[in-house]
Amino acid sequence: MLRGPQAEGTESVYAILKTDHYGNRLQYQIIARAIRNHIGYLQRDEFSITTNSNSNSVIKVKENYMGEEKSKEFKIYCLN
């Protein structure tokens, strides 16, 4: 998670960072955001992560931007 001030409030960004065994970046994917100003939340996404025995992870995201909802899904394979 990264959090930073904006001109009108605060933004939190939730992302997946996938690296190799040496720490080199292979993938960076923003999955969700929360944007808050002095009135309240403009965007407040929710996500859940599940992993199965085959090292596959599924991230289900429900985006909520100013009352409009959308669903997304990310599939990530991780090696040990």
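These questions and answers cover strands, a core and salt bridges in a predicted model.

In this predicted model, local features need pLDDT of at least 70 and side-chain atom pairs count only at pLDDT 80 or more, while totals for chains, interfaces and linings use all residues. Residues are numbered from 1 along each chain as its sequence is written, and side-chain values use heavy atoms, with hydrogens and water left out.

Colleague: Is Arg3 buried or exposed?

Modeller: Arg3 sits in strand S1, residues 2-6. Strands are DSSP runs of E, at least two residues, numbered from the N terminus. Buried means under 20% relative accessible area, exposed over 50%, and partly exposed in between, with a 1.4 Å probe and protein chains only. The relative accessible area of Arg3 is 57%, so Arg3 is exposed.

Colleague: Which residues is Arg3 in contact with, leaving aside its neighbours within four places in sequence?

Modeller: Contact means heavy atoms within 4.5 Å. With those neighbours left aside, the partners of Arg3 are Thr10, Glu11 and Ser12.

Colleague: Which residue in S4 stands opposite Ile35?

Modeller: Strands S3 (residues 25-37) and S4 (residues 41-44) run antiparallel, joined by three bridges. Pairing requires at least two bridges found by DSSP. The two strands form a hairpin with three residues between them, and Gly40 in the turn has a positive phi of about 155 degrees. Opposite Ile35 stands Gln43.

Colleague: Which residues make up the largest nonpolar core?

Modeller: A nonpolar core is a set of buried Ala, Val, Leu, Ile, Met, Phe, Trp, Tyr and Cys residues joined through side-chain atoms within 4.5 Å. The largest has six residues: Ile31, Ala32, Ile59, Val61, Phe74 and Ile76.

Colleague: Which strands each supply at least two residues of this core?

Modeller: Ile59, one of the core residues, is in contact with Ile31, Phe74 and Ile76, among others. At least two core residues come from each of S3, S6 (56-65) and S7 (68-77).

Colleague: How many residues apart are Glu46 and Lys62?

Modeller: Their side chains meet in a salt bridge at 3.9 Å, N to O. A salt bridge is a side-chain nitrogen of Lys or Arg within 4 Å of a carboxyl oxygen of Asp or Glu. Glu46 lies in strand S5 (residues 46-51) and Lys62 in S6, and the separation is 16 residues.

Colleague: Is Glu63 buried or exposed?

Modeller: Glu63 forms a salt bridge with Lys72, the closest N and O atoms being 2.9 Å apart. Lys72 has 33% relative accessible area, so Lys72 is partly exposed. Glu63 is at 18%, so Glu63 counts as buried.

Methods:
Helices (H or I, at least four residues) and strands (E, at least two) are DSSP runs, numbered from the N terminus.
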